[in-house]
Amino acid sequence: MAEQEEEQPQAEPQQEEEQQQEAAAADEEPAADDAPAVDDAPAPADDEAADAAPQEQAEEAAAEEAPQEAAAEEVKEEPKDEPKPAPKKKGNKKKKKGGGGDSGASEDAQALWDEISSKKGTDMNWYALELSGKIGASTNLKEVSRGTGGALEIIEFVKDKANNILFILLKAVTTDDSKSVRTKFIFIRLIGSGVATMKKAKITPSLGKIGDSFPCKHLTLDLSENCEADITPEKLARELLRVGGAHKPDLISFGPGQDIDVKSYKNN
């Protein structure tokens, strides 16, 4: 018994050592468990930072590229300056005689009208014009003849104009018992009997424009060279009375020695 009691004390220290070792092991285990938590905790942050870094760089790159793309689009949208056409050179173009671009009365027509209608008076009491260019293409006129012999002189002048187209203006002077003097103008469009039908057709559309070269016309007659019976002073006097206004003259003169007393015509 005594020996057994002596051995028990030896066993107790061994147990104590084992308990101390177990306690030490127990103390070390929590430390080991806590260690990974300390080491692993930053890992997700590092991963997130690592993931966020490329994303931020991509966003910055996209932000830098966006203005460049917008600028490129603006450049594309800018309209291109179209080349301006070269200015046309002004050439010294010569006017064609008898061209269709006549404007207003010709120089001859205007000068003759100014003279025969002048208030200063003139001995000329008729003139004749003809086309200066191609029939149907021109309305420009040139002087053919003029005279002071009135209606009778015109009859003699046109007798040999069977192949001509002429435009004649005759001035007549009217007076009445109260000494009122007025001027009347008779416009004669003479187309000779020998003029071709085609020429007659071509001249017709231009007659209105040609007539503008004779600003004042109280009576218009379409005649041929055989017009002796149509432009005698007596016949012309009756025609003027027919187309005249309310004022009826007592005397009409168609040239020297061609005064017609129209008092007897008024009631006819």
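# Reading contacts, burial and charge pairs

User: Leaving aside neighbours within four places in sequence, which residues is Glu225 in contact with?

Analyst: A contact means heavy atoms within 4.5 Å. Setting aside neighbours within four places in sequence, Glu225 is in contact with Val158, Lys159, Lys161, Ala162, Leu190, Gly192 and Ser193. This is a predicted model, in which local features need pLDDT of at least 70 and side-chain atom pairs count only at pLDDT 80 or more, while totals for chains, interfaces and linings use all residues. Residues are numbered from 1 along each chain as its sequence is written, and side-chain values use heavy atoms, with hydrogens and water left out.

User: Where does Glu225 lie, and what is the nearest side chain of opposite charge?

Analyst: Side chains of opposite charge can pair when their charged atoms come close. The criterion for a salt bridge is a side-chain nitrogen of Lys or Arg within 4 Å of a carboxyl oxygen of Asp or Glu. Glu225, in the loop between E5 and H7, is buried yet has no salt bridge, since the nearest side chain of opposite charge, Lys200, is 8.5 Å away. Buried stands for under 20% relative accessible area, exposed for over 50%, and partly exposed for the range in between (1.4 Å probe, protein chains only). The side chain of Glu225 does make a polar contact with the side chain of Asn226, at 3.5 Å.

User: How many salt bridges are there, and which residues does the one between strands E5 and E4 tie together?

Analyst: The count by this rule comes to 9 salt bridges. Asp222 and Arg189 meet through their side chains at 2.7 Å, N to O; because Asp222 lies in strand E5 and Arg189 in strand E4, the pair ties together parts that are 33 residues apart in sequence.

User: Is Asn125 buried or exposed, and what does its side chain reach?

Analyst: Asn125 is buried, with a relative accessible area of 8%, and its place is in the loop between helix H3 (107–116) and E1. Its side chain reaches the backbone nitrogen of Gly150 at 3.1 Å.

User: How should I read the confidence, and over which residues does pLDDT stay under 50?

Analyst: pLDDT is the predictor's confidence in each residue, from 0 to 100, and where pLDDT is low, the predicted coordinates should not be read in detail. The chain has a mean pLDDT of 77, with 59% of its residues reaching 70 or more. Residues 70–77 stay under 50, and the model gives them 0 contacts beyond four places in sequence.

How values were computed: Helix = DSSP H or I, 4+ residues; strand = E, 2+ residues; numbered from the N terminus. Lys, Arg positive; Asp, Glu negative; His and termini not counted. Polar contact = N/O pair within 3.5 Å; in protein donor to acceptor, adjacent residues only side chain to side chain.
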